[in-house]
Amino acid sequence: MAELVARRRQIVEMIGMEGNRRRQARSPGVARTIAATLKVLEAQLANLDRDIGDAIRRSPAWCEANDLLQSVPGIGAVASRTLIAEMPELGRLDRREAAALIGVAPLSRDSGAMRGHRAIAGGRASVRSVLFMATLSAVRWNPVLKAHHQQLVARGRPKKVALVACLRRLLGIPNAIIRAHQPWRAA
């Protein structure tokens, strides 16, 4: 499953690269070859999506986890499948461990009396990037995260810092949902 999800991510990246090349192509012959490559990549992407869906449907545990994860507003099929495949520890970690595992735990840069800026680093970048995109959706449609984001911005936090804080909270929600085996319920 992790291999299928990783390959899907690679195909999506290649589609983006070929799309960029198509916009810059001046020669009709080059544009045709790029269009043919895009067609092949899009067919492969559809096949991978089907294979990933079939793998999830064949496993009762993955099927249940997929349904639970997608019950959270902001987490769609791609985020759910990525969490299932690349974060099998989900549900067995506390929120701080989960945040550190994907690299969104704030790391201090302190030395002696000097207090440096906190930053995020390390961890599983593939999960972090998928959850970042899910967070962008969640701060619009998930009432809990929307309120949290607005509160942080109102207190003067930069928007990206507020988004990372919401990402940490969004990661904690599926972690708790998987642990409790209960779908999302707005408080």
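Predicted model: local features only at pLDDT ≥ 70, side-chain atom pairs only at ≥ 80, totals over all residues.

Mentor: Residues are numbered from 1 along each chain as its sequence is written, and side-chain values use heavy atoms, with hydrogens and water left out.

Trainee: How do you know that the reach of helix α2 is close to the expected one?

Mentor: Helices are DSSP runs of H or I with at least four residues, numbered from the N terminus. Helix α2 covers residues 28–58, which makes 31 residues. The expected span is 1.5 Å times one less than the number of residues. For α2 the expected value is 45 Å, and the distance from its first C-alpha to its last is 45 Å.

Trainee: Which residues of α2 are called buried, and what covers them?

Mentor: Buried means under 20% relative accessible area, exposed means over 50%, and partly exposed lies in between, with a 1.4 Å probe and protein chains only. The buried residues of α2 are I34, L38, L41, L45, L48, I52, G53, A55 and I56. Their cover includes α1 (2–24), α3 (60–70) and α4 (77–86).

Trainee: What makes the pair D49 and R8 a salt bridge?

Mentor: The term requires a side-chain nitrogen of Lys or Arg within 4 Å of a carboxyl oxygen of Asp or Glu. For D49 and R8 the N to O distance is 2.5 Å, so the pair qualifies. D49 lies in helix α2 and R8 in helix α1, so the bridge ties together parts that are 41 residues apart in sequence. R8 counts as buried at 18%, whereas D49 is partly exposed at 24%.

Trainee: How many salt bridges does the structure hold?

Mentor: There are six. Among them is E18 with R21, at 2.5 Å from N to O. These two residues are three apart in helix α1, a separation of about one helical turn. Another is D54 with R57, whose closest N and O atoms are 2.7 Å apart; this pair is likewise three residues apart, in helix α2.

Trainee: Why is R57 called exposed?

Mentor: R57 has a relative accessible area of 56%, which is over 50%, so the term applies.

Trainee: Why is H149 called buried?

Mentor: Its relative accessible area is 15%, therefore under the 20% limit. H149 sits in helix α7 (residues 143–154). Leaving aside residues up to four places away in sequence, H149 touches V139, K159, A162, L163 and C166, where contact means heavy atoms within 4.5 Å.

Trainee: Which residue classes line the largest pocket?

Mentor: The lining divides into seven nonpolar, no polar and four charged residues. Here Ala, Val, Leu, Ile, Met, Phe, Trp, Tyr, Cys and Pro count as nonpolar, Asp, Glu, Lys and Arg as charged, and the others, Gly among them, as polar. The lining includes P106, R118 and L152, and α8 gives the most to it, with five residues.

Trainee: What makes the space a pocket?

Mentor: On a 1 Å grid over the protein atoms alone, a pocket is an open set of points with protein on both sides within 12 Å along at least five of seven lines, and lining residues have an atom within 4 Å of a point.

Technical notes. 1 Å grid on protein atoms, 1.4 Å probe; cavity = no way out; pocket = protein on both sides within 12 Å on 5 of 7 lines; lining within 4 Å.
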